[in-house]
Amino acid sequence: MNRRQWISIIGFNLVALAAGVATSQWIFRSELADDPAIKAFFANPWQTPEGKTSLTEEWKGKLLVVNFWGSWCPPCVEEMPELEKLQMEFSQQNVLIVGIAIDSPSNVREFLKKTPVSYPIAMGGM
């Protein structure tokens, strides 16, 4: 991958992060956090790749950047290290990246052995 493509990917991620932060602030201020769809997101019994229940209570009150991804998706694989860097950079500003894997738990576990991340990964199904 050439430098121009990397710059495009990083630029896209930064724009997505900014949009997520702005949207989160708007949702919080407009009381849309009481919206049934948002409540359903937090009420969903998200599972980790290991089969444990994700602690969505820890996600509340944070500015969430939700990334849907799969180990079979080349752009998704390429952006994971950049998302990890963004998580480290913005964690003190109450930003949390959450990865929702559209994949099998075994594929996700294998992928995360090679590309570990510090942010939560939940299973979204196939």
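Where does Asn94 lie? Asn94 lies in the loop between helix H3 and strand E2 (95-101). The close-ups below start there.

This is a predicted model: local features need pLDDT of at least 70, side-chain atom pairs count only at pLDDT 80 or more, and totals for chains, interfaces and linings use all residues. Residues are numbered from 1 along each chain as its sequence is written, and side-chain values use heavy atoms, with hydrogens and water left out.

**View 1. Asn94 in its loop.** Phi of Asn94 is near 70°, a positive value in a residue other than glycine. Asn94 counts as partly exposed because its relative accessibility is 32%. Buried means under 20% relative accessible area, exposed over 50%, and partly exposed in between (1.4 Å probe, protein chains only).

**View 2. Gln87 in helix H3 (residues 74-90).** Helices (H or I, at least four residues) and strands (E, at least two) are DSSP runs, numbered from the N terminus. Gln87 has 7% relative accessibility, so Gln87 counts as buried. Leaving aside residues up to four places away in sequence, Gln87 touches Val95, Leu96, Ile97, Ser118 and Tyr119. Contact means heavy atoms within 4.5 Å.

**View 3. Trp69 and Phe111, an aromatic pair.** A search of the whole structure finds 1 aromatic pair. The ring centres of Trp69 and Phe111 are 5.2 Å apart and the planes are at 45°, so the pair is tilted. Trp69 sits in strand E1 (residues 63-69) and Phe111 in helix H4 (residues 105-114), 42 residues apart, so the pair links distant parts of the chain. Rings of Phe, Tyr and Trp (its six-membered ring) pair if their centres lie within 6.5 Å; planes under 30 degrees apart count as stacked, over 60 as edge-to-face and the rest as tilted. Trp69 is buried, at 1% relative accessible area. Phe111 is buried too, at 9%.

**View 4. The largest nonpolar core, with 18 residues.** A nonpolar core is a set of buried Ala, Val, Leu, Ile, Met, Phe, Trp, Tyr and Cys residues joined through side-chain atoms within 4.5 Å. Trp69, Met80, Val108, Tyr119 and Ile121 touch the most other members. E1, H3, E2, H4 and strand E3 (121-123) each give two or more residues. H3 supplies the largest share, 4 residues. A second, separate core of 9 residues includes Phe41, Phe42, Trp59 and Val98. In soluble globular proteins, nonpolar side chains tend to be buried together.
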